[in-house]
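Please look over the structure below before reading on.

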Amino acid sequence: MSKNNLRVVRASEIDLKEKVVAIKRVAKVVKGGRRFSFSAIVVVGDGNGVVGYGLGKANEVTDAIAKGIDDAKKNLVKVPVYHHTVPHAIEGKFSGGFVLVKPAAAGTGVIAGGAMRAVFESAGIKDVLAKSKGSSNPHNVVKATFDALSRMRDPLAVAQQRGVNLSKVFNG
């Protein structure tokens, strides 16, 4: 049940809050003209390290958001959060989107762009420095942020693996 060092979580176990990252009107060209529908990317999280994202498409905005929420609940992962920030700096990549995520001191807040901000707030990360490089497409930015968070290593697991104290992991 593990996916890249992360524990996959069931949606029924926790109370989730959802945030809509982006809604787009998309068109399909047919014989009689254009058919419009809506695409929504949604991030859900419990504010305590569990977060997921989903994509929903439908003819109505509310239906697209509901489908996105259902999809996000199927893709939940547990990310390491250490003192309301990320344990270490890391880069994430998906397609043309690159993100740089760095830990920040307490009280800094979430310094990140729109799509990344929704992911961090849903995960319960309160202090972080992040920069989006490359594609500004919300889909690529969200997936690149998830790539970075999924490759984060939990400091407690690292300390146990090395056989040292937690303070030794951060202070050398």
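**The cavity and its surroundings**

The largest cavity has a volume of about 30 Å³. This is a predicted model, and a search of the whole structure finds one cavity of 30 Å³ or more. Rolling a probe the size of a water molecule over the atoms shows where empty space is left.

Which residues line the largest cavity? The lining consists of Ala22, Ile23, Lys24, Ser39, Ala40, Ile41 and His139. Two strands, E3 (17-30) and E4 (33-45), each supply at least two residues of this lining. Sorted by class, the lining has four nonpolar, two polar and one charged residues.

One of the lining residues is Ser39, which lies in strand E4. Is Ser39 buried or exposed? Ser39 counts as buried because its relative accessibility is 10%, and the cut-off for buried is under 20%. Leaving aside residues up to four places away in sequence, Ser39 touches Ala22, Ile23, Lys24, Val26, Leu55, Gly56, Lys57 and His139. Among these contacts of Ser39, Ala22, Ile23, Lys24 and His139 also belong to the cavity lining.

The remaining values describe the protein chain as a whole. Its secondary structure comes to five helices and ten strands. Along the principal axes, the C-alpha atoms of the chain fill a box of roughly 70 × 35 × 25 Å. The chain has 172 residues, of which 38% count as buried. Of the contacts in the chain with a separation of 6 or more, 57% are between residues 24 or more positions apart. The protein chain exposes about 9700 Å², and carbon and sulfur atoms supply 50% of that area.

Notes
Residues are numbered from 1 along each chain as its sequence is written. This is a predicted model: local features need pLDDT of at least 70, side-chain atom pairs count only at pLDDT 80 or more; totals for chains, interfaces and linings use all residues. Side-chain values use heavy atoms; hydrogens and water are left out. On a 1 Å grid over the protein atoms alone, a cavity is a set of points where a 1.4 Å probe fits but cannot get out, and a pocket is an open set with protein on both sides within 12 Å along at least five of seven lines; lining residues have an atom within 4 Å of a point. Grid points are joined across faces, edges and corners, and a volume is the space filled by probe spheres set on the points. Helices (H or I, at least four residues) and strands (E, at least two) are DSSP runs, numbered from the N terminus. Ala, Val, Leu, Ile, Met, Phe, Trp, Tyr, Cys and Pro count as nonpolar, Asp, Glu, Lys and Arg as charged, and the others, Gly among them, as polar. Buried means under 20% relative accessible area, exposed over 50%, partly exposed in between (1.4 Å probe, protein chains only). Contact means heavy atoms within 4.5 Å. Accessible areas come from the Shrake-Rupley method with a 1.4 Å probe; for residues, only the protein chains shown count as cover.
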